[in-house]
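Please keep the sequence and the coordinates at hand while reading.

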Amino acid sequence: MSVCRDVLQRHGWDLEVSVQEQLNIREGRPSVYRSDVITPSVVNNHLEQRVFFSPPSHNYPRNGVFGLFRYVVSLLVQFCYNTLSNFLNFTFRLIQPDPRRCIEDMSVCRDVLQRHGWDLEVSVQEQLNIREGRPSVYRSDVITPSVVNNHLEQRVFFSPPSHNYPRNGVFGLFRYVVSLLVQFCYNTLSNFLNFTFRLIQPDPRRFVTDPVRDVIEFIQSFEAKYGTEHPVFYQGTYSQALNDAKQELRFLLVYLHCEDHQDTERFCRFTLPSPEVIAYINANMLFWACSVTSSEGYRVSQALRENGYPFLALIVLRENRMTVVGRLEGPVESDELLQRLRTVVSENEIALIAARADRVERSFNQTLREQQDQAYLESLQADQEKERRRMEEREKKEDAERHIRELEQIEIDRKEDIRQQKINSLAKVPDEPPSDDPDAVHVVIKLPNGLRLERRFLPNHSLEAVYYYVFCHPESPDSFEIATNFPKRVLRCLPQEKGESVPTLAEAGLKRREVLFVYDLEA
């Protein structure tokens with residue numbers, strides 16, 4: 001605090017200049033408010049001063065009742081004028097400061113102010129927190145629908161506050177005028193002092209910490225003092241009530257409670273507990289209430305800008321925006337309250353009907369679109385499934401054809417290899433002995449297709465020569481074995497192991513004339 005006091009004293013207690021200088025220092029920019037000339041501090045203590053005061057001159061007599069009345073009224077008017085003039089000058093300096101100290105980006109300023117409901121103090125404090133790198137306490141995770149508070153589009157019902165003194169006669173009129181002036185002066189001075197004090201020390205009600213607790217505590221205190229006969233209170237925050245009213249397309253009735261007001265007691269004990277009022281409000285709207293002494297109630301009161309108590313505001317969805325369509329300020333009886341509520345509801349019911357029809361149409365269109373999308377998706381999936389199966393069948397067919405071609409190619413290669421082997425095997429067949437050779441063995445060979453082959457071999461020729469003779473014939477099978485007729489005996493014409501010798505015809509028991517049979521092993 002000592003540093004803050006020193007900064008304020010250095011700038012003549014000019015809050016704006018002091019804040020701007022500190023921002024310039026923290027951002028590393030040269031301060032345009034510093035001066036090389038050190039201003040001495042001046043002590044202004046009235047207790048240490050000799051004060052001379054002369055009352056201002058007047059051009060009217062002060063003798064008599066009329067003179068005294070005129071003098072008192074003039075003093076009050078002058079006091080009010082001076083107080084209001086100072087307040088307006090101070091406010092004007094805050095709203096329109098020195099151009100050298102302004103932030104020129106109006107779009108940024110407007111966005112910050114709109115985000116905080118045009119609350120200057122909260123907006124400045126949040127920017128200071130952001131620039132200092134501290135988290136903002138004014139941010140909220142609950143998205144509050146914007147509320148249009150245009151007085152030109154509202155039906156306003158105002159009832160003057162009740163009084164306990166008579167207004168008849170000169171004394172009553174004099175008392176009434178003096179009370180109005182005193183009340184105006186008191187309110188003006190009080191607002192000025194409160195505004196100045198809030199600049200130095202912000203109102204703790206601005207710092208919303210637990211809005212749900214504020215609402216629950218108000219409901220509990222209300223029922224403890226006035227009883228449980230009242231419309232059903234919405235047990236949630238103002239933001240939640242707005243969201244529910246917007247989603248359910250219902251009216252939202254907001255009641256701001258001021259415990260210190262003279263008309264609050266009668267309103268809470270006789271107007272709200274009325275059975276007709278309870279039945280009408282419960283059947284047609286949501287009812288949210290909170291005390292203006294709490295943080296949540298104070299924030300709502302700043303947003304709705306109430307001018308008197310008891311205060312009721314009726315909010316409804318119009319043109320896709322939550323709009324204040326009715327304001328009821330001041331004391332009111334139950335019958336009059338019902339009449340006013342019915343009037344506002346009847347005038348704005350068409351907006352809810354249109355919103356409901358529009359929502360039903362949008363819901364129908366959305367459902368129809370979802371059904372169309374679902375049908376299209378199912379058709380697309382069916383087409384994709386058909387295409388997948390067609391691709392699988394085509395791939396299977398191509399694989400089968402490829403496999404057949406491979407087998408055919410293998411068979412062709414095998415036959416070509418066998419043909420080449422037959423050609424090469426001709427050299428392994430010995431020459432046929434002459435027909436008059438007494439040792440020649442005449443062999444008759446029967447092929448599987450019925451063809452008979454005849455050939456002469458020598459007894460010392462191996463059975464391998466007989467095998468290759470049959471193998472080289474174009475009509476012979478590719479794989480076969482040779483056997484005798486009776487008794488049937490398969491001849492070992494090829495070596496079983498490498499280096500093994502094949503028996504000769506004589507060793508195999510084949511003599512002068514033999515008949516052999518060829519069996520196809522692939523048949």
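What accessible surface does the protein have, and what percentage of that surface belongs to carbon and sulfur atoms? The accessible surface comes to about 34500 Å², and carbon and sulfur atoms account for 54% of this area. The model is predicted, and its pLDDT averages 78 over the protein, with 69% of the residues scoring at least 70.

**Confidence along the chain**

Over residues 33-39 the pLDDT is below 50, and the model gives this stretch nine contacts beyond near neighbours in sequence. Over residues 134-142 the pLDDT likewise stays under 50, and for these residues the model has 18 contacts beyond four places in sequence.

**Overall make-up**

The secondary structure of the protein consists of 13 helices and ten strands. Of the 523 residues in the protein, 33% are buried. When contacts between residues at least 6 apart in sequence are taken together, 66% of them join residues that are at least 24 apart.

**The four-stranded sheet**

Four strands form an open sheet with mixed pairing, in which the order is β8-β7-β10-β9. The edges are taken by β8 (452-457) and β9 (480-484), and because each of these has a single partner strand, one side of each is left without a neighbour in the sheet. From one strand to the next, the twist averages 30°.

Strand β10, which covers residues 513-520, takes part in both of the pairings listed in the table below.

| Strand pair | Sense | Bridges |
|---|---|---|
| β9 and β10 | antiparallel | five bridges |
| β7 and β10 | parallel | five bridges |

Which residue of β10 is the bridge partner of alanine 483? That partner is phenylalanine 517, and phenylalanine 517 in β10 is also the bridge partner of lysine 446, a residue at the end of the range 441-446 given for strand β7. Elsewhere in β10, valine 518 stands opposite isoleucine 482.

For reading side chains in such a sheet, a general point applies: in a regular strand, side chains alternate between the two faces of the sheet.

Key. Residues numbered from 1 in each chain as written. Predicted model: local features only at pLDDT ≥ 70, side-chain atom pairs only at ≥ 80, totals over all residues. Heavy atoms only, no water. Helix = DSSP H or I, 4+ residues; strand = E, 2+ residues; numbered from the N terminus. Buried < 20%, exposed > 50% of the residue type's maximum accessible area, 1.4 Å probe, protein only. Contact = heavy atoms within 4.5 Å. Areas by Shrake-Rupley, 256 points an atom, 1.4 Å probe, with all protein chains shown as cover. pLDDT = per-residue confidence, 0-100. Pairing = 2+ DSSP bridges. Axes fitted to C-alpha atoms, helices over the stretch in contact; angles between N-to-C directions.
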